[in-house]
Amino acid sequence: MGLIQHKREAYWFYRFLSLGYDRRVNPLFWTPEMRDQALAPARLEDPQLSVLDAGAGTGFTTEGIVERVPAASVTMLDQSPHQLARARAKPALGDCPKVLGDAEQLPFEDDRFDRYVSAGSIEYWPDPQRGISEAYRVIKQGGVATVIGPVRPANRIARRLAETWMLFPGADEYERWFRRAGFRDVRSVPLAPDWYRDDRGPYALAVSGVKPSPGKPLVTERIEDPPVGPLRFAARFVAGSVAGLVFVPIAIALTLRRRGDRADAPTPKP
Ligand SMILES: C[S@@+](CC[C@H](N)C(=O)[O-])C[C@H]1O[C@@H](n2cnc3c(N)ncnc32)[C@H](O)[C@@H]1O
C-alpha cells in the first residue's frame, strides 16, 4: 500500500497541498482537456441529472460538471475541510451542496444519484473496492459511475516512486473492481497531459460502468485502515509526501521540453 494511501495521511497531505493545488498542481497533472475527455463517458447530457462528485476537493472537476448540470444538483463530497474551503470560494460552485465525508462510507441512502464522478481520489483510498462498491450503492438503476485515476507507470523508477506515494492500479484492476461491485458495460478511456510520452501504457484512465439493478453492490466486505502510532504516521507522511513531490519537477521539466519541441517545429506553410 502507498504511504499516503490512508485517510489520516491524505488529510494532512491536503492540509498543505490545498494551498497551491489549483495554481501549481492541476495545470501539470489534470488539465481542462483531460477533464473534458474524462467527463464524456460520465454521460452528463441531461440537465435534470443529480450528480455526486466524491473526493471533489477544490472543485476542479466539479467546475466541468456544472458546465453540463445545474450546480444545485451537483453534490461535492470530500474528507478534507481545507480542500472544500477552497471550493466554497468559487462562485460557479456556490449552489453545490458540500459534504464533509468519506468516499468509502458515503453518507447517502441507496439509489440516490443519477451519476457518480470521482476524479483523482481513488489513489488515496485504502480500500478501493469499497469506494467503488459505494459508488454503485448510491446511484440509481441505469445510473453511471465514472472513476478517474492514475495507472501504474510502465517506467520502473517512476513506478517505484508512484507506489511508494499512493495507489497506482493497473487498468485491469480498475475494471475488476467495477465488475465485482456489480457494474455492467464497464469501459475505460485513456487520459494524459500533453507532456506525457510513454507509449507503453496510459497515464490515467476514466473508468465507467452502469448500475443494472437497484440496491446494494455485489461486494460489500471492508478492509479497515488500521490505526497507527504517531512515529509511524510521521514517517509515512514525510516519506510518502517526498515520493509524490518528486513528480512535480519531473512534470515541469517534461512540460518545458515539450514547449521547446513545439517552438522548434517548422511552421506549416499556408
Ligand atoms: C487529487 S485531489 C482531486 C480533487 C478533485 N476531484 C479534482 O478533480 O481536482 C484528491 C481529493 O480526494 C480527497 N480524498 C482522499 N481520500 C478521500 C476519501 N476517503 N474520501 C473523500 N475524499 C477523499 C482529498 O481530500 C482530495 O481533495
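User: By class, how many nonpolar, polar and charged residues does the lining of the second largest pocket have?

Analyst: Eight nonpolar, three polar and five charged. Ala, Val, Leu, Ile, Met, Phe, Trp, Tyr, Cys and Pro count as nonpolar, Asp, Glu, Lys and Arg as charged, and the others, Gly among them, as polar. Bear in mind that this is a predicted model: local features need pLDDT of at least 70 and side-chain atom pairs 80 or more, while totals for chains, interfaces and linings use all residues. Residues are numbered from 1 along each chain as its sequence is written, and side-chain values use heavy atoms, leaving out hydrogens and water.

User: Which residues lie nearest the centre of the second largest pocket?

Analyst: Rolling a probe the size of a water molecule over the atoms shows where empty space is left. Here, Pro-27, Thr-31, Asp-194, Trp-195 and Thr-255 lie nearest the centre, out of 16 lining residues (a pocket is an open set of 1 Å grid points over the protein atoms alone where a 1.4 Å probe fits, with protein on both sides within 12 Å along at least five of seven lines; lining residues have an atom within 4 Å of a point). Helix 10 gives the largest share of that lining, six residues (helices are DSSP runs of H or I, at least four residues, and strands of E, at least two, numbered from the N terminus).

User: Which residues form a salt bridge with closest N and O atoms 3.5 Å apart?

Analyst: Look for a side-chain nitrogen of Lys or Arg within 4 Å of a carboxyl oxygen of Asp or Glu. The structure holds 20 salt bridges, and the one you want pairs Asp-185 with Arg-43. That pair links distant parts of the chain, 142 residues apart: Asp-185 sits in strand 6 (residues 184–191), Arg-43 in the loop between helix 3 and strand 1 (51–54).
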